[in-house]
Amino acid sequence: MSNFNSLFLVLILTVTLLPIALSEPEDAIQALVQRLDSKRPSPSVQEAAAKAVLERLLPGYASSFEFKIVSNNAALWIGRGEFFLDSKEMDVCGGQSCFLISNYNPLSKNGPEIVIKGTTAVEIASGLYWYLKYWCGAHVSWDRTGGIQIASIPKPGSLPLIKDEGVLIQRPVPWNYYQNVVASSYSYVWWDWKRWEKEIDWMALNGVNLPLAFTGQEAIWQKVFMDFNISKEDLNGFFGGPTFLAWARMGNLHGWGGPLSQNWLDQQLALQKLVLSRMLELGMTPVLPSFSGNIPAALKKIFPSANITKLGNWNSVDADPRWCCTYLLDSSDPLFVEIGEAFIRQQVEEYGDVTDIYSCDTFNENTPPTNDPTYISLLGASVYKAMSKGDKDAVWLMQGWLFYTDSAFWKPPQMKALLHSVPYGKMIVLDLFADVKPIWEYSSQFYGTPYVWCMLHNFGGNIEMYGVLDAISSGPVDAHNSKNSTMVGVGMCMEGIEQNPVVYELMSEMAFRSEKVQVLDWLKSYSYRRYGKAVHQVEAAWEILYGTIYNCTDGIADHNTDFIVKFPDWDPSNVSDALPQAHLWYSTEKVINALRLFLDAGNNLAGSITYRYDLVDLTRQVLSKLANQEYLDAVTSFQQKDAKALSFHIKKFVQLIKDIDVLLASDDNFLLGTWLESAKKLAKNCHELRQYEWNARTQVTMWFDNTKTKQSSLHDYANKFWSGLLEGYYLPRASTFFHYLIKSLQENENFRLEEWREEWILFSNKWQAGIERYPVKAKGDALVISKALYEKYFGDKNWKKNVYHLQTSGRQVLHFAR
């Protein structure tokens, strides 16, 4: 075996096959797992599905691998009338989910080379990816264009062999959960089946076996509510537009961006059926939505005696009733269970008996009307009753986000009341933000309720290099090994995908790791696999990034606040106000050195698309932080009435926007046009074309409603560093602001904040309604552009000019210096 293969073998986790006595709570979870196993398709169907993943991933390699489903529950298989030719295969996984990689027959010159066995097609696909990674040095990239790229792999007939009897890897916990309820709007909203197919392949390769499946639910709700005498017209003000469906589903808003056409409803329902079919073929357990009490206003008129309350304002400007203050049907009302049951049954009728796990989030960022534990317990019991009447085996999957965002309300009595409102094993909690704010630690393991250790990581689908790799590499292991642990899975719950691939690569592996990962060693192998060769400059750069960007320990959520994309809305004339601050948690000097090392490796890696992506992202990261300082220097110059310095820093800030836009244009993953064109492709007529584009443009800019001089508090929440968006939107806004800044200084007047707001909000609304096209293909050489920008801003003759301090008066001092 080569030294390369040996290097990666040391990363493979050790496992044990010793039987473990289960406690009563573990028995409940084991029973659930076995029941879900019984719903999976036959071994032949799953084997064919895994083979299809291979053929899409590596055309021409199908004959090099043999896939075989094995059982982790012999009694179940015999009960289904399925038998093994080899009785040894009945207990190969020791009663757990696993995959086994071995050689087919080292003496055979024909036929398969590698055999991968697994308890489901997901395990087989995961085994395939582990083999490609740790024996072939290959890497499957996950990018915005949906591409699955293999950096390097030997040709068929020369695949590396497995040592000894093979490698067996078990899951330490049953589930690997995937998705956030808002990711469906931030990332998936415009996907067609072709893009979904690639995503599901990625999920299978990375071990996801418990994915959220929220597509198309509005069509189900339409059918349910029409049975309660609510018309299609009544639903026009209930459903949100395509990019705002997630928040309409949660009762945060209604109608914004809508109404939805019947074309959309039918199209999304058909897409959901394709998604579910593929998930099931691969042995995944999809998580379907359920009823949380969110209802259209018309229901109140039809059932005037029902216990219905109107919720408060959720970020709408002036509580605009067209979008604000949704209606909630109290769970104590008999109508609640009736509607909830009808929704579950309608899904079963449409999709079949595909799952027992249903997602429901009560009071997501909305506070209950009372903190009485008895009321809260009744609420939870009613939610579960509605599920269980629709599906007698239903299990409630709930985000634990409310326990973090409204911790002042959710004290131990209230948490216990909700968590204990259903029988044990009938609720699973997502510890949604465990990578930064783990709730299991201070809630006595959710007071005995099974939970999934989740990484939230990204808010708003922003583009920023960020991560907490140490927490990811150790947190799930610590939680699982803790006393009286109720952890039953790991999960990835980012609000938006297609950013920071290193974070998701490591987190995916934690589904199969029972020991902590040595991150530096892992990053060395990751670098090799991602770029297809070992380059010491890049390895050194990743070591720097690990100690800076990718180990944020300040507890602040990852939401990009760089001033280019989240422009400060304030009055700079008020010198008593503190200067705005963008989130910065690392030494910029070190990260610039990492960029220099990345550039030094360019000649060796110029042909790697993954290198190009990382180089563009890192250059963008460095320049965006420099732009933050230029903005602050411009404001300081204004406050000091230094017109010459003000002009100097304005020009640099504006130039940085232009330069970053050119940089981003050199990679397909950073183009506004891709987002807009994917929206328009789903349109069936001119009206939908305009509506979908407006939705796409609005979400990444203003987000929610505005008045003439007051913008949504969510403006820029979904900000993106995309070429086209910088020059087309962010640059005009900044230029308008600076125009007013210069004018105020020239006329010796205070900054005209209201006038500036009025002008840029008007511009924003016009841009949202615009139809100008943006490129969908990259242009320019990313390496050449990055080198030029590095020399321009950090070359020897400019380096001293960019030595600065970002904060003063005893606050953190940050230097751009060698």
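Predicted model: local features only at pLDDT ≥ 70, side-chain atom pairs only at ≥ 80, totals over all residues.
Residues are numbered from 1 along each chain as its sequence is written, and side-chain values use heavy atoms, with hydrogens and water left out.

Helices (H or I, at least four residues) and strands (E, at least two) are DSSP runs numbered from the N terminus. The 13 residues of H29 (782-794) should span 18 Å at 1.5 Å a residue, and the 17 Å between its end C-alpha atoms agrees with this; the expected span is 1.5 Å times one less than the number of residues. Buried, meaning under 20% relative accessible area with a 1.4 Å probe and protein chains only, applies in H29 to Ala782, Leu783, Ile785, Ser786, Leu789, Tyr790, Tyr793 and Phe794. Seen down the helix axis, these buried residues fall within an arc of 160°, so they line one face of H29; the arc is taken from the directions from the axis to the C-beta atoms.

Strand S2 (residues 98-103) has 6 of its 6 residues buried, so it is largely enclosed by the rest of the structure. Cys98, Leu100 and Ser102 point one way from S2, whereas Phe99, Ile101 and Asn103 point the other way. An open sheet of 4 strands, with mixed pairing, has the order S1-S3-S2-S4, where strands pair if DSSP finds at least two bridges between them. Its edge strands, S1 (65-69) and S4, each pair on one side only. S2 runs antiparallel to S3 (residues 114-118), joined by 5 bridges, and antiparallel to S4 (residues 167-170), joined by 4 bridges. Phe99 stands opposite Gly118 in S3 and has Ile169 as its bridge partner in S4.

Thr355, between helix H12 (334-351) and strand S11 (357-359), has a relative accessible area of 1%. Polar atoms of the Thr355 side chain lie 2.6 Å from the backbone oxygen of Pro286 and 3.1 Å from the backbone nitrogen of Ile357.

How values were computed: Buried < 20%, exposed > 50% of the residue type's maximum accessible area, 1.4 Å probe, protein only. Polar contact = N/O pair within 3.5 Å; in protein donor to acceptor, adjacent residues only side chain to side chain.
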